[in-house]
Every structure is written in structure tokens, then in C-alpha cells.
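Subject: Structure handover

Hello,

Here is the structure for your files. My notes on what was found in it follow below.

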Amino acid sequence: ELNFHLGNVIKYVCRAGHKDDDIEDLSKAIHYLSNEIEFRTSQRIQGSVQRKELSESQLAEYAKEFDR
């Protein structure tokens, strides 16, 4: 599924070097890709928590990642 984040990744990668600053466009693509990875990770964790597949220590480790 091509959602908002992934659509913007494609937009900024394709646009790099054709408009404005290519480094800025590529940085924006990385930003949106990072957002998508964070979103998918949180969805996966929520699903695991609901199915009670993660231990308390695993939950604490994942929580540290989102505190950055």
C-alpha cells in the first residue's frame, strides 16, 4: 500500500536534483522513510502486546527506542 509516508519518499527521491537542493530532497525522503518504519514498528508491537507475545523486558526494550 502506498501511503502518505511512502508516497513522499518516492516524491523526494524522484525530485532530487531536479528542483531545489538535492541533498535536502534526499534528507526529506529519509525523514519520511524513518516515519514509516517507526509507524510499522509501533503497529507490530501493538499487535504483539494485544496477543500477549512480548514479555515485560521486551516491552521495556522497545519503549527505549521510542524515547529517543
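A salt bridge here is a side-chain nitrogen of Lys or Arg within 4 Å of a carboxyl oxygen of Asp or Glu. This is a predicted model, in which local features need pLDDT of at least 70 and side-chain atom pairs count only at pLDDT 80 or more, while totals for chains, interfaces and linings use all residues. Residues are numbered from 1 along each chain as its sequence is written, and side-chain values use heavy atoms, with hydrogens and water left out.

Confidence

The pLDDT (the predictor's confidence in each residue, from 0 to 100) averages 87 over the protein, and 94% of the residues score at least 70. Helices are DSSP runs (H or I, at least four residues), as are strands (E, at least two), and the numbering starts from the N terminus. Where pLDDT is low, the predicted coordinates should not be read in detail.

Salt bridges

There are four salt bridges in the structure. One of them pairs glutamate 24 with lysine 28, with 3.4 Å between the closest N and O atoms. Both residues are in helix α2 and four residues apart, so about one helical turn separates them. For accessibility, buried means under 20% relative accessible area, exposed means over 50%, and partly exposed is in between (1.4 Å probe, protein chains only). Glutamate 24 is partly exposed, at 39%, and lysine 28 is also partly exposed, at 28%.

Arg15, Asp20 and Asp25 are linked in a network of salt bridges. In the bridge between arginine 15 and aspartate 20, the closest N and O atoms are 3.5 Å apart. The bridge between arginine 15 and aspartate 25 has an N to O distance of 3.0 Å. Arginine 15 belongs to helix α1 (residues 4-15) and aspartate 25 to helix α2 (residues 22-50), so this pair ties together parts that are ten residues apart in sequence. Aspartate 25 is buried, with a relative accessibility of 0%, whereas aspartate 20 is exposed, at 62%.

The loop between α1 and α2

Aspartate 20 sits in the loop between α1 and α2. Its phi is near 55 degrees, which is a positive value in a residue other than glycine. Glycine 17 is found in the loop between α1 and α2 as well, and glycine 17 counts as exposed at 56% relative accessibility. Contacts are counted for heavy atoms within 4.5 Å. Leaving aside residues up to four places away in sequence, glycine 17 touches Asp22 and Asp25. The C-alpha atoms of glycine 17 and glutamate 65 are 33 Å apart, for a separation of 48 residues along the chain.

Valine 13

Which residues does valine 13 touch, not counting those up to four places away in sequence? They are Leu26 and Ala29. Valine 13 itself is in helix α1 and is partly exposed, with 45% relative accessibility. Its C-alpha atom is separated by 6.7 Å from that of aspartate 25, twelve residues apart along the chain.

Regards
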